[in-house]
Amino acid sequence: MFKRTIFTEEHEMFRDQVRRFVEAEIVPHHEQWEIDGRVSRDAWLKAGQHGLLCATLPEEYGGSGADFLFSAVIMEELARVGAMGPGFSLHSDIVAPYIMHYGGDDLKREWLPRMSTGEAIGALGMSEPAAGSDVQAIKTTAIRDGDDYLINGQKVFITNGGNCDLIVLACKTDPTAGAKGTSLILVPANTEGFRKGNKLLRKVGWKAQDTAELYFDDVRVPASNLIGEEGRGFYQMMEQLPQERLLQCVRAASVLEAALDWTVEHVTERKAFGGTISDFQNTRFKLAEAKAEITMMRVFVDKCLEMHVAGELNDVDAAMGKMLSSEMLCKRLDDMLQLFGGYGYMWEYPIARAWADARVGRIAGGTGEIMREIIGRSLLGRKRT
């Protein structure tokens with residue numbers, strides 16, 4: 001029997017705490033959040049009170065100074081119950097690190113403690129109508145005007161976009177310089193000229209996640225809101241993308257493990273042709289294939305987690321994990337849903353939700369095609385421009 005070894009007793013104690021919180025504060029409300037199209041602000045505040053937000057931040061900014069494995073525990077426990085609505089990981093493990101690693105002291109003091117409590121919800125503004133995986137193609141501009149930046153443009157498919165209080169915005173401070181003209185700027189959501197789309201985006205899955213379009217019309221922010229150096233935004237994003245892609249691997253592995261449990265339970269109880277569905281050889285073969293592949297993926301994902309904590313995970317490793325885990329998630333969920341028959345297509349069954357939620361994994365954070373390009377270029381010695 002495969003046994004995981006990367007988590008300590010302290011991690012597992014934290015897992016128990018997270019699991020209790022998820023069962024009490026997330027699961028009972030998730031169906032309503034799917035109807036509403038967003039997670040309640042109250043849930044964010046409670047998550048902050050229980051230490052589920054920004055755990056890896058230093059204590060001076062409201063975090064626990066924990067290692068990334070604590071973030072992985074939170075992701076695993078949310079994935080285990082199919083709770084795709086709370087955008088806690090993007091907030092805590094993608095947006096907050098940009099501010100922590102590259103932001104000035106004033107930005108850190110102003111925003112990070114409030115992000116740790118859930119009082120301020122963070123979003124990342126990368127994707128645009130004409131620029132998804134190709135981050136260099138963004139057209140949103142931030143032109144220096146005295147002591148300010150004047151921002152104009154549009155973002156789309158923005159996770160936490162409906163609830164956000166701040167946006168780490170990718171924009172062109174020099175539209176003529178390609179990647180070297182890209183910068184990251186923090187934009188408070190209450191800034192004049194900034195607005196959210198009138199309606200949250202209606203998606204195939206992740207229905208409780210407040211995904212939105214964001215608009216910037218002559219939005220003026222102080223130059224001190226620049227995150228890091230001007231013109232370094234593209235490189236900052238490339239440095240942080242491995243962690244974002246690793247989070248998707250963690251989610252995929254945990255969803256598949258949970259889905260296998262649901263499927264085994266269903267096929268051993270569901271009657272058909274005088275027996276149960278588990279009596280059919282095809283069922284046993286499909287379950288055997290799923291178990292073997294899920295175990296192999298778990299070993300690889302845990303190794304990536306171990307490497308990341310040690311500072312050794314690179315973009316190629318993360319791309320391999322993201323590509324394979326997202327594609328295996330879709331393939332095996334489809335096989336397992338089939339074993340549910342018509343019930344698998346009913347939204348009240350968790351396998352249906354997982355199946356619908358899985359598809360975006362092959363797109364978000366860089367498409368499978370982009371992952372193949374990263375891996376292929378590394379083999380052939382080509383550098384990305």
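Is Phe273 buried or exposed? I started my notebook with this residue, keeping in mind that the model is predicted. Phe273 counts as exposed, because its relative accessibility is 83%, and the cut-off for exposed is over 50%.

**Entry 1: two phenylalanines**

I looked up where Phe273 sits and found it in the loop between strand S9 (271-272) and strand S10 (275-276). Its phi is positive, about 55°, although Phe273 is not a glycine.

Then I turned to Phe157, which also has a positive phi without being a glycine, here about 60°. Phe157 belongs to strand S3 (residues 148-158). With a relative accessibility of 56%, Phe157 counts as exposed.

**Entry 2**

Next I wanted to see how helices pack. I reminded myself that two packed helices are described by the angle between their axes and the distance between the axes.

I picked helix H6 (residues 233-269) and helix H7 (residues 281-309), whose axes come within 9 Å and cross at roughly 155°. That angle makes H6 roughly antiparallel to H7, because angles over 145 degrees count that way. I also noted that H6 passes H7 in a left-handed crossing. What kinds of residues make the contact of H6 with H7? I found 16 nonpolar, five polar and three charged residues there.

**Entry 3: H7 again, now with H3**

H7 has a contact with helix H3 (residues 68-80) as well: the two axes come within 9 Å and cross at roughly 145°. I listed who meets whom: Phe68, Leu69, Ala72 and Glu76 in H3 meet Arg298, Leu305, His308 and Val309 in H7. By type, the contact of H3 with H7 has five nonpolar residues, one polar and two charged.

**Entry 4: helices H8 and H10**

I moved on to H8 and helix H10 (residues 368-380), where the axes come within 9 Å and the crossing is at roughly 140°. That makes H8 oblique to H10. The crossing of these two helices is left-handed.

Which residues of H8 and H10 make the contact? From H8 I wrote down Asp315, Val316, Ala319, Met320, Lys322, Met323 and Glu327. From H10 I wrote down Gly368, Met371, Arg372, Ile374, Ile375 and Ser378. Sorted by type, the contact of H8 with H10 holds seven nonpolar, two polar and four charged residues.

**Entry 5: a closer look at Met323**

Not counting residues up to four places away in sequence, Met323 touches Gly368, Met371, Arg372 and Ile375.

I also looked at Arg245, which is 78 residues from Met323 along the chain. The C-alpha atoms of Met323 and Arg245 are separated by 9.1 Å.

**Entry 6: Ser326, a few places on**

Ser326 is in helix H8 (residues 315-339) too. Which backbone oxygen does the side chain of Ser326 reach? I found that it is the backbone oxygen of Met323, at 3.2 Å. As a reminder to myself, an α-helix has 3.6 residues a turn, so residues three or four places apart point the same way.

Ser326 counts as buried, with 6% relative accessibility. Leaving aside neighbours within four places in sequence, Ser326 is in contact with Gly361 and Arg362.

**Entry 7: Ala358 and helix H9**

My last stop was Ala358, found in helix H9 (residues 350-358). Its C-alpha atom is separated by 7.4 Å from that of Ser326, which is 32 residues away along the chain. Ala358 is buried, with a relative accessible area of 4%. Apart from neighbours within four places in sequence, Ala358 is in contact with Leu329, Cys330 and Leu333.

How many of the nine residues of H9 are buried? I found seven, so H9 is largely enclosed by the rest of the structure. The buried ones are Ile351, Ala352, Arg353, Ala354, Ala356, Asp357 and Ala358. I finished by looking up what surrounds them: the buried residues of H9 pack against helix H1 (9-36), H6 and H8.

Technical notes:
Residues are numbered from 1 along each chain as its sequence is written. This is a predicted model: local features need pLDDT of at least 70, side-chain atom pairs count only at pLDDT 80 or more; totals for chains, interfaces and linings use all residues. Side-chain values use heavy atoms; hydrogens and water are left out. Axes are lines fitted to C-alpha atoms, for helices over the stretch in contact, and angles run from 0 to 180 degrees between N-to-C directions. Helices (H or I, at least four residues) and strands (E, at least two) are DSSP runs, numbered from the N terminus. Angles under 35 degrees count as roughly parallel, over 145 as roughly antiparallel, 65 to 115 as roughly perpendicular and the rest as oblique. A crossing is left-handed if the near helix is turned anticlockwise from the far one by less than a right angle, and right-handed if clockwise. Ala, Val, Leu, Ile, Met, Phe, Trp, Tyr, Cys and Pro count as nonpolar, Asp, Glu, Lys and Arg as charged, and the others, Gly among them, as polar. Buried means under 20% relative accessible area, exposed over 50%, partly exposed in between (1.4 Å probe, protein chains only). A polar contact is a pair of N or O atoms within 3.5 Å; within protein, one must be able to donate a hydrogen and the other to accept it, and residues adjacent in sequence count only if both atoms are side-chain atoms. Contact means heavy atoms within 4.5 Å.
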